[in-house]
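Please keep the viewer open as you read.

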Amino acid sequence: MRALYPFRNDCPVVLEVGHKENICCNSTQNVQQKTLSNFPHHFLRLEIRRGMTPLYSYYIDLDHPADADDAKAAFDRLKEDLPLSNP
């Protein structure tokens with residue numbers, strides 16, 4: 001992410017990146033979908049906050065572990081949705 005934008009340590013806005021891999025859902029609600037399709041087992045999430053106030057959230061389910069291309073696509077979407085200015 002640092003290669004995609006010049007982040008500053010003194011900025012009051014925080015970008016939090018989260019991902020999870022190999023999610024195992026034990027719910028019986030989606031049994032047919034999980035059995036008959038490529039049900040996602042991974043996700044990528046970006047959240048921008050000022051203090052504790054959320055300003056933006058991006059979430060995508062993935063059928064593969066999150067990689068650099070997924071992070072770039074997420075950040076590109078963030079830049080499309082929000083007016084970002086370089087420091």
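A residue is called buried when its relative accessible area is under 20%, exposed when over 50%, and partly exposed in between, with a 1.4 Å probe and protein chains only. Gly-18 therefore counts as buried, at 12% relative accessibility.

Some ground rules: this is a predicted model, in which local features need pLDDT of at least 70 and side-chain atom pairs count only at pLDDT 80 or more, while totals for chains, interfaces and linings use all residues. Residues are numbered from 1 along each chain as its sequence is written, and side-chain values use heavy atoms, with hydrogens and water left out.

**Overall layout**

The protein has two helices and three strands, arranged along the sequence as β-α-β-β-α. Helices (H or I, at least four residues) and strands (E, at least two) are DSSP runs, numbered from the N terminus. Of its 87 residues, 20% are buried.

The elements discussed below are these:

| Element | Residues |
|---|---|
| Strand S1 | 13-20 |
| Strand S2 | 42-50 |
| Strand S3 | 53-62 |
| Helix H2 | 68-81 |

**Strands**

Strands S2 and S3 run antiparallel and are joined by nine bridges; two strands pair if DSSP finds at least two bridges between them. Arg-50 stands opposite Thr-53 in S3. The hairpin of S2 and S3 has two residues between the strands, and Gly-51 takes a positive phi near 65 degrees there.

Which residues does Gly-18 touch, not counting those up to four places away in sequence? They are Phe-43, Leu-44 and Arg-45, where contact means heavy atoms within 4.5 Å. Gly-18 is itself part of strand S1. Between Gly-18 and Leu-44 the C-alpha to C-alpha distance is 5.9 Å, although they are 26 residues apart in sequence.

**Core and helix H2**

The largest nonpolar core has 10 residues, including Tyr-5, Leu-44, Ile-48, Tyr-58 and Phe-75. S2, S3 and H2 each supply at least two residues of this core. Such a core is a set of buried Ala, Val, Leu, Ile, Met, Phe, Trp, Tyr and Cys residues joined through side-chain atoms within 4.5 Å.

In H2, the buried residues are Asp-70, Ala-74, Phe-75 and Leu-78. They cover an arc of only 130 degrees around the axis, so they lie on the same side of H2; the arc is that of the directions from the helix axis to the C-beta atoms. These buried residues pack against S1, S2 and S3, whereas Ala-68, Asp-69 and Glu-80 are exposed on the other side of H2.
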